[in-house]
Amino acid sequence: MAEGKNEGQERTEEATPKRQEEARNEGQIGRSRELNTMALLLTAATGFFIFGNHMVSNMSWLMTQYFSISRAKLYDSSLLVPLFLQACFEALESIGPLLVILFLAAFFAPMLVGGWMFSVKALAFKWEKMDPVKGLTRVFGVRGLMELLKALVKFSLMVGLAIFLLWLKMDELLYLGLNGLGPGMADAGNIILWSFLLLSAATILIAGADVPFQLWEHAKQLKMSKQDVKDEQKETEGKPEVKSQIRTMQQELANRRMLEEVPKADVVITNPSHYAVALRYEQGNMSAPRLVARGVDFMAQRIRLIADQNDVTVFASPLLARALYFNAKLDQEIPAGLYLAVAQILAYIYQLRASRRSSDMPVPDKPTQLPIPAEFRTE
């Protein structure tokens, strides 16, 4: 888009599909980091509820197993590395299910807004990102202010909810010291787990407010000026002068092909000065004469000139010339209502050719009263 040329214009128009597609190809799509954070935190809290007991028991067993190594193994350097690798593998196996669901959440959460997108252009290095002036503008601009306000709201919400949870669980926290180590650890873990889940659930409110804002901000950034829309339409549909030139070239090509058919015609019927139509008829191959060329004024002169140069008979009949010009289509058979009039002309031409080849054949009389129906007459 020619955004640089139209920076002074107010962008009031919604982005066109082409503009949206260009922005998407450049990696500019609406994304919400708060939505990703919410998905990861809720997934982690849910994963701890599902796999928590399994992970705690496995990790407790691992610590007991590998922190009580015999003296002989401890001083055998050839066993330390295999034991360490085995412990790492078993620890990874314990937390593996949680890591898998966290990976899936991190992968699919961004697709909830904007869908799947991979752009090489978005990964390319851009010098403007290194510009300190633009960096300060981003930090202290409207967007930076909104991010600061959003961070303050998140902090206030989380701190307020944490204080509320501490007040709510105050009695349970005070009684932890009266329990033994095992029950106390279990109760503390249960309090921490539920508190983590509730704090994670609070991010739903943050994401619910951030997603519409990010979509609105993205749509605002893609807005176009009226001139941008006009320029895009020109690029999409073609500039008027270019389209006019193409139409002119197409017309010239069509006229050239049409004039190439004039030497093959049997007769050219003229107005005699303004209109000219060329007809061709092959007995046995055509059911009716066909219009192979037609023109008015300058084109009519060219048709008559080519006909004279190629010994094609030129027949002056103003009414029939106009009737064929306005009612017959190029490279198609003439209307049935004009069959009789054209047949008389073709018969005259065939007899004229025969008289020229043989002196015994009399010169035919030129037909003058051609039967042209009223609906085909054009005065």
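Phenylalanine 213 and tryptophan 216 both belong to helix H9 (residues 181–222), where they are 3 residues apart, about one turn of the helix. Helices (H or I, at least four residues) and strands (E, at least two) are DSSP runs, numbered from the N terminus. The model is predicted, so local features need pLDDT of at least 70 and side-chain atom pairs count only at pLDDT 80 or more, while totals for chains, interfaces and linings use all residues. Residues are numbered from 1 along each chain as its sequence is written, and side-chain values use heavy atoms, with hydrogens and water left out.

In total, 10 aromatic pairs are present in the structure. Rings of Phe, Tyr and Trp (its six-membered ring) pair if their centres lie within 6.5 Å; planes under 30 degrees apart count as stacked, over 60 as edge-to-face and the rest as tilted. The ring centres of phenylalanine 213 and tryptophan 216 are 6.1 Å apart with the planes at 35°, so this pair is tilted. For tyrosine 325 and phenylalanine 326 the centres are 5.2 Å apart and the planes stand at 85°, so that pair is edge-to-face. Tyrosine 325 is buried at 18% relative accessibility, whereas phenylalanine 326, at 45%, is partly exposed; buried means under 20% relative accessible area, exposed over 50%, and partly exposed in between (1.4 Å probe, protein chains only). One aromatic cluster is formed by Phe103, Phe107 and Phe108.

Charged groups also sit over rings, a term that requires NZ of Lys or CZ of Arg within 6 Å of the ring centre and within 35 degrees of the ring normal. The charged end of arginine 294 is placed over the ring of tyrosine 325, 5.4 Å from its centre. Lysine 366 lies over the face of phenylalanine 315, at 4.8 Å from the ring centre.

The protein chain contains 14 helices and 4 strands, and buried residues account for 30% of its 379 residues. Two packed helices are described by the angle between their axes and the distance between the axes. The axes of helix H2 (residues 33–66) and helix H4 (residues 77–108) come within 9 Å and cross at roughly 170°. Axes are lines fitted to C-alpha atoms, for helices over the stretch in contact, and angles run from 0 to 180 degrees between N-to-C directions. H2 and H4 are therefore roughly antiparallel (over 145 degrees; under 35 counts as roughly parallel, 65 to 115 as roughly perpendicular and the rest as oblique). Glutamate 90 is located in helix H4 and is buried, with 18% relative accessibility. Beyond residues up to four places away in sequence, glutamate 90 touches Trp61, Leu62 and Tyr66, contact meaning heavy atoms within 4.5 Å.

Valine 268, in strand S1 (residues 267–270), is buried at 0% relative accessibility. Leaving aside neighbours within four places in sequence, valine 268 has contacts that include Val262, Ile303, Val314 and Phe315. The C-alpha atoms of valine 268 and aspartate 308 are separated by 9.7 Å, with the two residues 40 apart along the chain.

Aspartate 297 occupies the loop between strand S3 (290–296) and helix H12 (298–309). Its phi is near 55°, a positive value in a residue other than glycine, and aspartate 297 is partly exposed with a relative accessible area of 40%. Aspartate 311, in the loop between H12 and strand S4 (313–316), likewise has a positive phi near 55°. Aspartate 311 is exposed, at 72% relative accessibility.
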